[in-house]
Amino acid sequence: MNRVVIIGGGWAGIAASISAKKAGAEVTLIEKTDLLLGLGNVGGIMRNNGRFTATEENILMGAKELFKITDDLSRHKNITFPGHNHASLYDVTKIEPEIKRFLVSMGIEILLETRATDVVVENGQLKAIILNNDDVIYGEVFIDTTGSTGPMGNCYNYGNGCAMCILRCPSYGPRVSISEKAGVKDLVGKKKDGSYGAMSGSCKLNKDSLSQEIREILDKEGVLVIPIPKEDIQLDKLNKKVCQQYALVEYAENIILLDTGHCKLMTSFYPLEKLRKIKGMENAKYEDPYSGGKGNSVRYLSLAPRDNFMKVRGLNNLFCGGEKAGLFVGHTEAITTGSLAGHNSVRYLADMELLELPNTLAVGDIISFENEMKETEEGIRDRYTFAGSTYFTRMKEKNLYTTDLSVIEEKVKSENLIGVYEKQLI
Ligand SMILES: Cc1cc2nc3c(=O)[nH]c(=O)nc-3n(C[C@H](O)[C@H](O)[C@H](O)COP(=O)(O)OP(=O)(O)OC[C@H]3O[C@@H](n4cnc5c(N)ncnc54)[C@H](O)[C@@H]3O)c2cc1C
């Protein structure tokens, strides 16, 4: 059997499943909740800023399926909002079942409502995953894509309490770090002030709870910017949030709304009574997190030390992707790292040399840059995304950011990586 067992069904685990399956493995994907996609159920923003380039690089390398689905299900394309250009917004109310159908059609085994709670390790090799019902899942190689969010204790200790987010720990049980269970100590991300974790940076409002005028603008334009009353502006909140690409003054002085099917409110949390002072939002109601008036989920408390092949250091057959693999923010970042982890897990099975993506491509550069930076006290306080902040600045400086498709194709071609994820290896 050439079985790859992937734990965590967010964007990273999904991307890893696809690339491992295409490379020829039998794939089992384990997810603790009743939904795939994890935080992707409440996100939606794609292709903004450097994510455009990274998306096209992935597509050319053969990791194309998830971008096709997100493009096809985009409610708005090529939109601009403060600090962000050429963004697409996928419909969060439609994306999850479509992704699930696609994975099923590929023959990927999906175990929902199944939580990994422990591991079996022998001689530096992971042998099996133990589930909450005591069942044991054996495999030849494993990928930890359990993310970095929560669980509740962390949201209490480092945030404003459990905000009742999409991961629903009270119902489905806490996140478990597979790499740490296997004996590899997790790294912990910090905020700028040195305290641990970071708070998620946006909420979803029920669109029907907003005025007809707001809904119409959102349906037509995809974006709406409304100034916040002076007495309610809180600049210090920007330092707490995960998404440093949105830590811009415009996001403190205004309510920025995006149409992702629900209405995406671009702030970590906003007291309901204050929100309801704003014209058209008198009846506003949170969809995610339910306690969006008080707080949001806390992330980046559980990062596996890894190499640039996405293999966890200290174990032979455990790979990682997404937020579990570093201080990465975003769906595109999770798909990028997850696709490489899935592909390399099969190279490992086939006894082949593992693939490292070159730093002439944004997708390779972000993986090695994040790995280097998180070794430093300054770097562990930062976040890494193609969409803004430190890494997008670096992309521009290194000439890695472009929207010119022929330039991107030429770069991927010159690295001999066209279609690399399409090849069956075993
Ligand atoms: C509110 C919010 C809005 C966002 N908006 C955007 C956006 O618009 N655009 C963008 O690009 N990014 C956005 N992000 C960031 C982005 O969603 C994440 O960085 C990315 O999706 C992380 O994917 P992941 O697969 O690494 O982790 P996750 O999505 O956290 O997935 C991990 C999965 O593992 C499961 N799991 C954990 N432990 C276990 C276990 N023991 N057994 C089985 N399963 C387990 C979890 O249930 C979860 O489904 C947003 C994040 C949040 C919180």
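View 1. Helices here are DSSP runs of H or I with at least four residues, strands are runs of E with at least two, and both are numbered from the N terminus. This is a predicted model, in which local features need pLDDT of at least 70, side-chain atom pairs count only at pLDDT 80 or more, and totals for chains, interfaces and linings use all residues. Residues are numbered from 1 along each chain as its sequence is written, and side-chain values use heavy atoms, leaving out hydrogens and water.

Helix α2 covers residues 51-61, and because 9 of its 11 residues are buried, the rest of the structure largely encloses this helix. Buried means under 20% relative accessible area, exposed means over 50%, and partly exposed lies in between (1.4 Å probe, protein chains only). Among the buried residues of α2 you can find R51, F52, E56 and M61.

**View 2. K264 and its surroundings.** Look for K264 in strand β15, which spans residues 262-265. K264 counts as buried because its relative accessibility is 6%. Leaving aside residues up to four places away in sequence, K264 touches V42, G43, I45, S202, C203, K204, I256, L257 and L258; a contact means heavy atoms within 4.5 Å. The side chains of K264 and S202 are joined by a polar contact of 3.1 Å. A polar contact is a pair of N or O atoms within 3.5 Å; within protein, one atom must be able to donate a hydrogen and the other to accept it, and residues adjacent in sequence count only if both atoms are side-chain atoms.

**View 3. The shell around the ligand.** Here 36 residues surround the ligand, and the closest are E31, K264, E323, G330 and H331. A residue is near a molecule if one of its heavy atoms lies within 4 Å of it. Helices α1 (11-22) and α11 (331-349) each supply at least two residues of this shell. The ligand lies between domain 1 (3-194 + 298-422) and domain 2 (198-288), because both give residues to the shell; the domain bounds come from an automatic or database domain assignment.

View 4. A polar side-chain atom of E31 lies 2.6 Å from an oxygen atom of the ligand. Backbone atoms take part too: a polar one of L39 is 2.9 Å from a ligand oxygen atom, and a polar one of H331 is 2.8 Å from a ligand oxygen atom.
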